[in-house]
Amino acid sequence: MEYYEHSELVVLLAEVAYATDHVDITRRILDRYLQNVPQKDQFYCRAQLLLGLVVVREATKKYGDECIKYRKIALNSMLNALEVAVAPENIQRYSFVIYNTSVLCWKVIQPFLRAGRAKYFNTEMQRIST
């Protein structure tokens, strides 16, 4: 039996690895988990949000256009979680995911909300607002 059948355990393991500053381990766990096309439930959403945070950590080592590119990748991962959460069958149960996603997306975009830089994230901000 593969440990990927236990989504809650895998995502919790990845969250603990991230919380203890083992970003490389977190990335490997999440990549393996998401490669197996898991069920799109709250654990999938949590994994996507965590993957976005990992990519943001990787973006801190980049500058200029490359940093923007990495942050857009992180936002796309987070918006995947948002799409699952706002599905008609999930919207009532996953309201906490919607809130958490909006807060995390704000943290990703916030450093770029100044003249000349905010335009790069216009599309993502519109999707989050909607």
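# Chat about a helical model

Biologist: Let's start with Val 37: buried or exposed?

Modeller: Exposed, since Val 37 has a relative accessible area of 69%, and the cut-off for exposed is over 50%. Bear in mind that this is a predicted model.

Biologist: Where does Val 37 sit?

Modeller: In the loop between α2 and α3, the latter being residues 42–59.

Biologist: Why flag that?

Modeller: Because most residues other than glycine have a negative phi. Asp 21 is another non-glycine residue with a positive phi, near 65°. Asp 21 lies in the loop between α1 (7–19) and α2.

Biologist: What's the confidence like overall?

Modeller: The chain averages a pLDDT of 86, and 96% of the residues score at least 70. Of the chain's elements, α2 has the highest mean at 94, while helix α6 (residues 122–129) has the lowest at 75.

Biologist: Let's go into α2, then. Is Thr 26 buried or exposed?

Modeller: Buried, because the relative accessible area of Thr 26 is 0%, and anything under 20% counts as buried. Thr 26 belongs to α2, which covers residues 23–35.

Biologist: Which residues is Thr 26 in contact with?

Modeller: If you skip neighbours within four places in sequence, Thr 26 is in contact with Ala 14, Ala 17, Tyr 18, Leu 50 and Val 54.

Biologist: Switching topic: how do α3 and α5 cross?

Modeller: At roughly 5°, with their axes coming within 11 Å; α5 is residues 95–109. The cut-off is under 35 degrees, so α3 and α5 count as roughly parallel to each other.

Biologist: Which residues meet there?

Modeller: From α3 you get Gln 42, Cys 45, Leu 49, Leu 53 and Val 56, and these meet Phe 96, Val 97, Thr 101, Leu 104 and Val 108 of α5. By class, that contact has eight nonpolar, two polar and no charged residues.

Biologist: And the largest nonpolar core, how many residues has it?

Modeller: It has 36, and those with the most contacts inside it are Leu 30, Tyr 33, Leu 34, Ala 47, Leu 75, Met 78 and Phe 121. The elements giving two or more residues are α1, α2, α3, α4 (65–85) and α5.

Biologist: Which element gives the most?

Modeller: That's α3, with eleven residues.

Biologist: Last one: what is Met 78 in contact with?

Modeller: Again leaving out neighbours within four places in sequence, Met 78 is in contact with Gln 48, Leu 49, Gly 52, Leu 53, Thr 101, Leu 104, Cys 105 and Val 108.

Note on methods
Residues are numbered from 1 along each chain as its sequence is written. This is a predicted model: local features need pLDDT of at least 70, side-chain atom pairs count only at pLDDT 80 or more; totals for chains, interfaces and linings use all residues. Side-chain values use heavy atoms; hydrogens and water are left out. Helices (H or I, at least four residues) and strands (E, at least two) are DSSP runs, numbered from the N terminus. Buried means under 20% relative accessible area, exposed over 50%, partly exposed in between (1.4 Å probe, protein chains only). Contact means heavy atoms within 4.5 Å. pLDDT is the predictor's confidence in each residue, from 0 to 100. Axes are lines fitted to C-alpha atoms, for helices over the stretch in contact, and angles run from 0 to 180 degrees between N-to-C directions. Angles under 35 degrees count as roughly parallel, over 145 as roughly antiparallel, 65 to 115 as roughly perpendicular and the rest as oblique. Ala, Val, Leu, Ile, Met, Phe, Trp, Tyr, Cys and Pro count as nonpolar, Asp, Glu, Lys and Arg as charged, and the others, Gly among them, as polar. A nonpolar core is a set of buried Ala, Val, Leu, Ile, Met, Phe, Trp, Tyr and Cys residues joined through side-chain atoms within 4.5 Å.
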